[in-house]
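Subject: A structure to look through

Dear colleague,

I am handing over a structure that I have been going through, and I would be glad if you read it alongside the notes in this email. Please keep the view open while you read.

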Amino acid sequence: MTTFPAAEWISTMMFLLALAAAGSGALIAALSTRVIRSVCGLAICCLGLSGLYWFLHSPFLAMMEILIYVGAVCVTIVFAIMLAEPDEPAQEEPRKSALIWTGVSLTVALALFCGLAHLGVRGNWQEAQARTTDGSIREIGISLLTTYSAAFEMISLVLLIAILGALVIARGGREHS
Amino acid sequence: MTVPEPYRLILYLAGILGFVGLNAAYLVWVERKGAGRFQRRPGPTEAGPAGLLQPIADALKLMSKQLLVPAGVDRTLFRVAPLLMMSPVLISLAVIPWSESLAARNINVGLLMIFAFGSINVMAVMLGGWSSRNKYAIISAARVVSQNVAYEIPMLLVIVTMIMVTGTMDLNEIVRQQEGFIWNWNIFRVWVNPLMPLTFLVFFTCMLAETNRAPFDMAEAESELVAGAYTEYSSMGFGVFFMAEYANILLGCALGTVLFLGGWQSPIGILPGVFWFLAKMYFLIFTVVWIRWTFPRTQFYGLLNLSWKILIPLSLFTLILTSAMMKLF
């Protein structure tokens, strides 16, 4: 289709860029001591993820990822932190128990990762059906209200519980102080 | 004339960058000239005929200044913030259909894409404000977030209304539906929703607020907050923020043209073309300038009240009205 030199190469580079953004963003989010930098890492990670969705031919999902995770979630978190965080984070001495727990959690995470990766690469997956829809809003709306309505409703329940939980915590905090 | 695909994209990339740069520079001139005329003074006159070389002189001045990074700021975030403000606009402009055959990339979720990338702007101003370690900048950043959250809601409700009316998020398709005479433009389609002009007004107000323009320029309230989130920026750091503001206005007005004013369609049904698009877009931009120099800055509570008590109920009402009308007729 295309006659541009190195078109394959460029698109591979874009894919690797998205992959690197997702990976490095996640690392920044996990390793940074400043909470705001962690949130920036989260934003980078989400941008990378949306790039991967784009490569999976799901532009709608990619855009939603940016709109919701970068535009709403990260902004809300930064806003909350900006008003609350002290100027300089206190440097804490690493405790011995913390080191042990880090080791344990790293082992568990590594085992989980290897297991999932093995399952993903070697597992006996069913071949995905050829896509019959064109990914338009109409199709997405119909499938959200028919095929996936149960999942859709479950998500709203999760959100409801999250709101209730936040209310409970906020109330508890008020009584203590 | 068709250019092979990747070369076409490169041409569009250069074109968009040039267009944004030129507009950012000359909208400043329009703004200053307009401000002058509204206040009964001539505006810039010295550099070139009618001050036409003023933007170039300004740019040279900004670029030749030292790029100061104050001690104690978060260096990475401080440097990244202006770029983060500019790049989403450039990405979003790629999906704007300037005319029937003049669009860099025509994707079927174009409208969604503009709003997805538009939401990154808030993050940019906020990071700029936070990383400056300056109390004015932090106050400004806090204001930007509450303002943008408040105005994002009516904006998206209006967009949902428009998606319901047009049935698509493809900007090219949206314009194509408004073919014919002036009453086919979405703003005058009163048989779909009798409140369509009002919907446009809500859209325009939200656009003003989201681009932080007067009377809603709480982020950069010069008389209260020095320069708000941009206080610590010097040289082109400030310059890029400034360009991004005008690029955002350009994008907002282009979007308003596509969604409501029929894009490249002509009002009399003949000779559609890119000049109609530009004429409508620049009319909207001129209105933005006009409003800035006509109305004083609102109070912050007034701003939030306008959104939560007037615009959100109004846009919800038009949304419900539109769905009812579409179901009934």
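Predicted model: local features only at pLDDT ≥ 70, side-chain atom pairs only at ≥ 80, totals over all residues.

Residues are numbered from 1 along each chain as its sequence is written, chains are lettered from A and ligands numbered from 1 in the order in which they are written, and side-chain values use heavy atoms, with hydrogens and water left out.

The model scores ipTM 0.77 and pTM 0.82. Chain B has an average pLDDT of 81, with 95% of its residues scoring at least 70, where pLDDT is the predictor's confidence in each residue, from 0 to 100.

Chain A

Chain A has six helices and zero strands, where helices (H or I, at least four residues) and strands (E, at least two) are DSSP runs numbered from the N terminus. Of its 177 residues, 19% count as buried, a term that means under 20% relative accessible area, whereas exposed means over 50% and partly exposed lies in between (1.4 Å probe, protein chains only). Among the contacts in chain A with a separation of 6 or more, 49% come from residues 24 or more positions apart, and contact here means heavy atoms within 4.5 Å.

Helix α1 (residues 7-31) of chain A and helix α2 (residues 35-55) of chain A cross at roughly 150°, and their axes come within 7 Å; axes are lines fitted to C-alpha atoms, for helices over the stretch in contact, and angles run from 0 to 180 degrees between N-to-C directions. That makes α1(A) roughly antiparallel to α2(A), since angles over 145 degrees count as roughly antiparallel, under 35 as roughly parallel, 65 to 115 as roughly perpendicular and the rest as oblique. The residues of this contact of α1(A) with α2(A) divide into 15 nonpolar, six polar and one charged, where Ala, Val, Leu, Ile, Met, Phe, Trp, Tyr, Cys and Pro count as nonpolar, Asp, Glu, Lys and Arg as charged, and the others, Gly among them, as polar.

Chain B

In chain B, helix α4 (residues 110-118) and helix α10 (residues 235-259) pack at an angle of about 155°, with their axes 12 Å apart, and are therefore roughly antiparallel to each other. L111(B), I114(B) and F115(B) of α4(B) make the contact with L251(B), L255(B) and L259(B) of α10(B), and by class there are six nonpolar, no polar and no charged residues in it.

F260(B) lies in the loop between α10 and α11 (274-294) of chain B, and it is buried, with a relative accessible area of 0%. Although F260(B) and N186(B) are 74 residues apart in sequence, they are 4.7 Å apart in space, C-alpha to C-alpha. Leaving aside neighbours within four places in sequence, the contacts of F260(B) include W185(B), N186(B) and T199(B). T199(B), in turn, sits in helix α8 (residues 196-210) of chain B and counts as buried at 0% relative accessibility.

R40(B), in the loop between α1 (5-38) and α2 (54-64) of chain B, counts as exposed at 79% relative accessibility. Phi of R40(B) is near 60°, a positive value in a residue other than glycine. Most residues other than glycine have a negative phi.
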